[in-house]
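Biologist: Before we talk about terms, could you show me the model, so that I can ask what stands behind each word you use?

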Amino acid sequence: MSQETILITGANRGIGLELTRRFLSAGHRVLATCRAPDSATLLQSLTDNANLTIYALEVTDSHSVRKLATNVGNQPIDALINNAGTMGGDQQSLENMDYTAWAEAFEVNTMAPFKLVTTFLSNLRLSKRPRAITLSSQMGALSRKSKGSHAYRSSKAAVNKVMQVLSMELEADGIVVCPVHPGWVRTDMGGAGADLSVEESAEGLFRLIDRMTMEQSGKFWTWEGEEHAW
Ligand SMILES: NC(=O)c1ccc[n+]([C@@H]2O[C@H](COP(=O)([O-])OP(=O)(O)OC[C@H]3O[C@@H](n4cnc5c(N)ncnc54)[C@H](OP(=O)(O)O)[C@@H]3O)[C@@H](O)[C@H]2O)c1
């Protein structure tokens with residue numbers, strides 16, 4: 001397998017950090033982005049690997065996205081992984097709703113992935129096997145019936161639709177576009193009681209993303225490489 005270039009958002013902790021490690025260990029180049037590179041100590045500890053480049057990126061800030069695009073330049077990007085995500089605050093129930101946090105959830109989880117894909121479209125078009133992947137969640141699946149977490153669920157349901165529409169719009173460019181559920185993972189977001197370690201989730205995601213073809217575009221996948229019902 002030839003060396004590829006992978007852009008990952010939210011690479012300083014959780015699944016994004018482990019995906020960075022996994023793609024580096026496979027010999028790929030990783031453009032790892034995070035909000036605060038100077039304090040991203042775990043990510044910085046990987047910099048003895050010359051294939052890692054760290055960039056600052058606040059995904060909701062258009063200026064920050066444009067600055068990243070300038071810094072990355074016109075190199076090919078083989079896989080763009082929209083990993084950065086937020087739960088959308090502690091109050092998202094029938095009784096208590098934090099509308100500001102709900103709007104932020106849409107900015108981070110729904111609009112930013114669209115912004116990143118469209119900003120780096122020319123880089124993806126330079127790749128021989130371009131993929132635009134967004135870490136979504138089964139919590140956004142309309143096919144699953146469960147209560148609460150209105151902000152998070154709706155932002156992930158919405159990004160699933162955005163990715164489905166983009167997959168059709170970018171089909172002629174040969175760009176694979178998919179939302180992926182990473183499993184329930186022991187991170188700051190998933191909590192200590194979750195099913196999977198970050199290593200297990202990132203390994204599954206790596207295998208899936210590494211081999212993705214156009215036949216898989218426009219579908220919702222699990223970290224295990226199984227199709228997830230919308
Ligand atoms: N863990 C799970 O069980 C689970 C399940 C389903 C889906 N997911 C999805 O998988 C993805 C990764 O989850 P995780 O568990 O690794 O989450 P996490 O441990 O909470 O990490 C979230 C990452 O997103 C970054 N981020 C948040 N808002 C951002 C912004 N505005 N700009 C740039 N970066 C931002 C964070 O950066 P800071 O450190 O700067 O805050 C951090 O790097 C998310 O999209 C999440 O919704 C997770």
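Predicted model: local features only at pLDDT ≥ 70, side-chain atom pairs only at ≥ 80, totals over all residues.

Biologist: What makes strand 1 and strand 4 a pair?

Modeller: Two strands pair if DSSP finds at least two bridges between them, where strands (E, at least two residues) and helices (H or I, at least four) are DSSP runs numbered from the N terminus. Strand 1 and strand 4 (residues 79–82) share 3 bridges in the parallel sense, so they meet that condition. Ile 6, for instance, stands opposite Ala 79 in strand 4.

Biologist: Which sheet do the strands form, and in what order?

Modeller: An open sheet of 7 strands is formed, in the order 3-2-1-4-5-6-7, with parallel pairing. Strands of a sheet pair through backbone hydrogen bonds, either parallel or antiparallel. Further along the order, strand 4 is joined to strand 5 by 4 bridges, and these two run parallel; Ala 79 has Arg 131 in strand 5 as its bridge partner. Strand 6 and strand 7 also pair in the parallel sense, over 2 bridges, and Val 180 stands opposite Trp 221 in strand 7.

Biologist: Why are strand 3 and strand 7 called edge strands?

Modeller: Strand 3 (52–56) and strand 7 (221–222) each pair on one side only, and that is what the name records.

Biologist: What makes the unit of strand 1, helix 1 and strand 2 right-handed?

Modeller: A crossover is right-handed if, with the strands pointing away from the viewer, the path from the first strand over the helix to the second runs clockwise. Strand 1, helix 1 (residues 14–25) and strand 2 make a β-α-β unit that is right-handed.

Biologist: Why is Thr 5 called buried?

Modeller: Buried means under 20% relative accessible area, exposed over 50% and partly exposed in between, calculated with a 1.4 Å probe on protein chains only. Thr 5 has 7% relative accessibility, and therefore it counts as buried. Thr 5 lies in strand 1, where Thr 5 and Leu 7 on one side and Ile 6 and Ile 8 on the other are all buried, so that both faces are covered. Strand 4 likewise has both faces covered, with Ala 79 and Ile 81 buried on one side and Leu 80 and Asn 82 on the other.

Biologist: Which residues is Thr 5 in contact with?

Modeller: Contact means heavy atoms within 4.5 Å, and, leaving aside neighbours within four places in sequence, Thr 5 is in contact with residues including Arg 29, Leu 31, Gln 75 and Ala 79.

Biologist: Why does Val 185 count as buried?

Modeller: Val 185 has 4% relative accessibility, and so it counts as buried, although this residue is found in the loop between strand 6 and helix 7 (198–211). Not counting residues up to four places away in sequence, Val 185 touches Ile 15, Gly 190, Ala 194 and Ser 201, among others.

Biologist: How do you know that the span of helix 6 is close to the one expected?

Modeller: The expected span of a helix is 1.5 Å times one less than its number of residues. Helix 6 (residues 150–169) has 20 residues and reaches 29 Å from its first C-alpha to its last, close to the expected 28 Å. For helix 7, with 14 residues, the reach is 20 Å and the expected value is 20 Å.

Technical notes:
Residues numbered from 1 in each chain as written. Heavy atoms only, no water.
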